[in-house]
Number of protein chains: 2
Amino acid sequence: MVKSTMMDFPLTLTHIFERTPKLFGKTEIVSRMPDKSLHRYTYRDFYERTRRLAHALLEAGVKKGDPVATLMWNHYAHLEAYFAIPIIGAVLHTLNLRLSPDDIAYIVNHAEDRILIVDDVLLPLYDRFKDKVSFEKVIVVPLTGKPVPEGYVDYEEFIQAVSGDFDYPQIDERDACGMCYTSGTTGRPKGVVYSHRSTVIHAFGEVMADTMCLSMRDVLLPVVPMFHANSWGLPYSGTLVGAKQVFPGPHLDAESLLDLMEAEKVTITAGVPTIWLAILNAIESNPGRWKLTPGMRMIVGGSAAPEPMIRAFDKHNLRVIHAWGMTETSPLGTFCTLKPSLDSLSEDEKYSYRAKQGLPVPFVEVRVVSDRGEEPWDGKSMGELQVRGPWITGSYHKLPPEEAEDKFTEDGWLRTGDVVVIDEEGYVKITDRTKDLIKSGGEWISSLELENAILAHPKVKGAAVIAVPHPKWMERPLAVVVPAEGEKPTAEELREFLLAKYPKWMVPDAFVFVDELPLTSVGKIHKSV
Amino acid sequence: MVKSTMMDFPLTLTHIFERTPKLFGKTEIVSRMPDKSLHRYTYRDFYERTRRLAHALLEAGVKKGDPVATLMWNHYAHLEAYFAIPIIGAVLHTLNLRLSPDDIAYIVNHAEDRILIVDDVLLPLYDRFKDKVSFEKVIVVPLTGKPVPEGYVDYEEFIQAVSGDFDYPQIDERDACGMCYTSGTTGRPKGVVYSHRSTVIHAFGEVMADTMCLSMRDVLLPVVPMFHANSWGLPYSGTLVGAKQVFPGPHLDAESLLDLMEAEKVTITAGVPTIWLAILNAIESNPGRWKLTPGMRMIVGGSAAPEPMIRAFDKHNLRVIHAWGMTETSPLGTFCTLKPSLDSLSEDEKYSYRAKQGLPVPFVEVRVVSDRGEEPWDGKSMGELQVRGPWITGSYHKLPPEEAEDKFTEDGWLRTGDVVVIDEEGYVKITDRTKDLIKSGGEWISSLELENAILAHPKVKGAAVIAVPHPKWMERPLAVVVPAEGEKPTAEELREFLLAKYPKWMVPDAFVFVDELPLTSVGKIHKSV
């Protein structure tokens, strides 16, 4: 029996962290502050401050496996927390500041967070749930420069009180390093806990040539919040390769982001479609105002990007790239890079590929399952997307398996709740959420497909299709439409437009026109509202 | 105590293998046959045949942990063995066909190989050591199409006798998947055993944007033999991303390689410097004969590439990229990609960076250790390169730790035997092998540095500097020089040339002119000869 002679070397964030000052000491990390000024420092500064934060947390009694909560925007201090907490064996617990105060309190209590690190500009939010939670210590990052209110610990004083000279605790790669609660619209939020191992392998999956191709030559601006599935893992992937990192702080409006992208020469960015739609509107309303890096990659996930948006950005030499994932999948599950065999397709066919969610990333296994069992990869057979892999959750924090039965299959795959088809080439295309399918008569109607079809109309800026109960057909689609700037589309023209492409039974019975659509805490359309 | 909720999903080659037909079924694998014809098939064909080979080996009684030896060139059947053996839990043992028959026999017996898969064209080599070994079964790949001699198993019949329908055995990611013996010039060959885990993480390390940036868009031609540190891991990395793979078979002369690179539109290739020197000579002797892919990456490792060679290839728009590794390191240890902060350097300075061995790859930790202890990264302080990481060996197969004491430090790092400096930016530069340093008086002279300096002379094609005993200085350098085509350099002009750059005590006392230099089994200069 031949046995491996390889070293037993754990995959931990400590290695990634220790590598930064040696190889990328002079590379910059830039953060937009609440007053819109730019905070700049280097990986070397980051390293020294993070060592201090880790040391101070150890001195404050934080032990292995303890969750430490953050309530913070995207900026350098949050990045410090991203590493300081895991390298002492504790667990980074990012709180989603867009949830209701009640939900945040529930999550803090469920996770049993002992310490909170919070931006001073977010103290008003903390005030709204502080009576429902009891932190041992609340550490405030004085981003505004104003004195930290009494009763709180000043982050800067906290980290300056120690030397940063401490010994790392022994960490097993399967130890927890971070946690994130789902923000599902149904049921209580559920906690997903990442390990050092899963986070490291996930980072390797993101920096591959065929996925984000993230490099030390990149300038990375994650628009997706650091409290949302670890900002899609980008702070870890970016640090792994030593990319210049640019954080937008609380300024997520299109103009602020575009100013920052231009000034810092951003080459890759990531966020949900609503962000990119706003960016597109700003660019098209202000021709020539921003000089962005040609070919800048804009990773889109969270919900499906409309194909017309991908086309529109191409005209500006900005490349929208689709990905798919969820909190439960760390989150990278699929990534839409075109295979060389698709090079000979027509432009239209290529765009239809680019609007898909993409190929499964290595080590993410995917399958499509319907009531009939596993479906073939034929581009037509719909079913639920089920996944498994080393960075996919197999359970939820403190949730007894019997209460999570609907989330996992008996053979151990995660049920994503997304309805998809996979084509012969292996590209996954979401057709809907299981709960967003409209059951009209015996037929299923994909609200997502209808939304994208309506969005293709030049007079339309936004669209949501929802199911309304119907005495005869069980459910029928209703479209909620946001007209484009200065346009007044009528229900009749939209109906005609859809009938050119779809059978009558699929076309919504009614069109309602509104000024804007309600969004969830992570920027998706909130259909129940 | 918060615990990870991630799935327990092993990092095995089985996942990489199972992914290929689903995502890359139509991509080609091309092999040069002994008669120089091209064998072409797809990943789907590869998948089906590999399943059959795995099945047949199981039926032949191969058990988990059993070593299965190969004596093969680079081609499709070797790739089949690369996966079929590991996916049934057995251990791929690639025999280095350039070793002496005695050494091969020693290695086979030491590893206790039970089965051999051998190219029919290599049977004459097998005949030279078959009396010293006893395989249960010798399976012959009929590459020439001629009937397989009596007493041997025909590979094609072997795999066609089964269906390929079998259940995978349970594999732990730390189970062995492959082994390779070092071909060191001192002492007996020693066995390094790779695990599924180490091989998979290593593959992730190779496909990163900042290392080989290997993609499904690449056409990969590994010149480095598949019996040499797993062809630097490229067959696994290439299959991970679904690159088109091109194998040169036994035809490793410059013209055959150039023909193949042109015909198959190769974008990335890898080998030792002697291969590239031969390629360069062929290109320069036949201007315009081969139309290669502009910017083709040529990964060089095994020994230091002369800087003039890197410059010369740039003129042909072919990009030499330096890497460093050894059998013990899977082998990727460092990779020479230029940091963006070096963009402002002069051309000459950039070339001097590109001739270094590069930055440590993520999860490979490096340090420089001399008699004084750990040396600073200042570009000047020399010492032995020591490494550790998840794909670095921590021991040798069946070798008691006390017999490997000189290979590992007490705190568990591998001693590479290479003398290096590391600069402030983190670039590793080999100055010599510990055993190739020349100790003249109290000073150390780097034979490697002198060799590269001599190679820079226009009348020189090859150079080796060796130590000769000296009564007064202990050792003094002697240069063995191969003149360039049609040139007759004199000792005097070479001495003058070196004195322009080096102090007198560093310049060799004597210059000997020869027609060619003896090479080791892996293409390095064999100095003891």
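**Exercise 1.** In this predicted model, find how strand β8 of chain B is joined to β9(B), and name the bridge partner of B:G178.

*Solution.* Step 1: locate β8 of chain B at residues 176-181. Step 2: β8 and β9(B) run antiparallel and are joined by 5 bridges. Step 3: B:G178 has B:Y194 in β9(B) as its bridge partner.

**Exercise 2.** State the strand order of the open sheet in chain B, and explain why one side of β7 and of β9 is left without a neighbour in the sheet.

*Solution.* Step 1: the open sheet has 7 strands, and its pairing is mixed. Step 2: the order reads β7-β6-β5-β3-β4-β8-β9. Step 3: β7 (153-154) and β9 (191-195) of chain B stand at the edges with a single partner strand each, so each has one side without a neighbour in the sheet.

**Exercise 3.** Describe the pairing of β19(A) with β20(A), and decide whether β20(A) is largely enclosed or open.

*Solution.* Step 1: 4 bridges pair β19(A) with β20(A) in the antiparallel sense. Step 2: A:Q386 is bridged to A:R415 in β20(A). Step 3: of the 9 residues of β20(A), 8 are buried, so the strand is largely enclosed by the rest of the structure.

Key. Residues numbered from 1 in each chain as written. Chains lettered and ligands numbered in written order. Predicted model: local features only at pLDDT ≥ 70, side-chain atom pairs only at ≥ 80, totals over all residues. Heavy atoms only, no water. Pairing = 2+ DSSP bridges. Helix = DSSP H or I, 4+ residues; strand = E, 2+ residues; numbered from the N terminus. Buried < 20%, exposed > 50% of the residue type's maximum accessible area, 1.4 Å probe, protein only.
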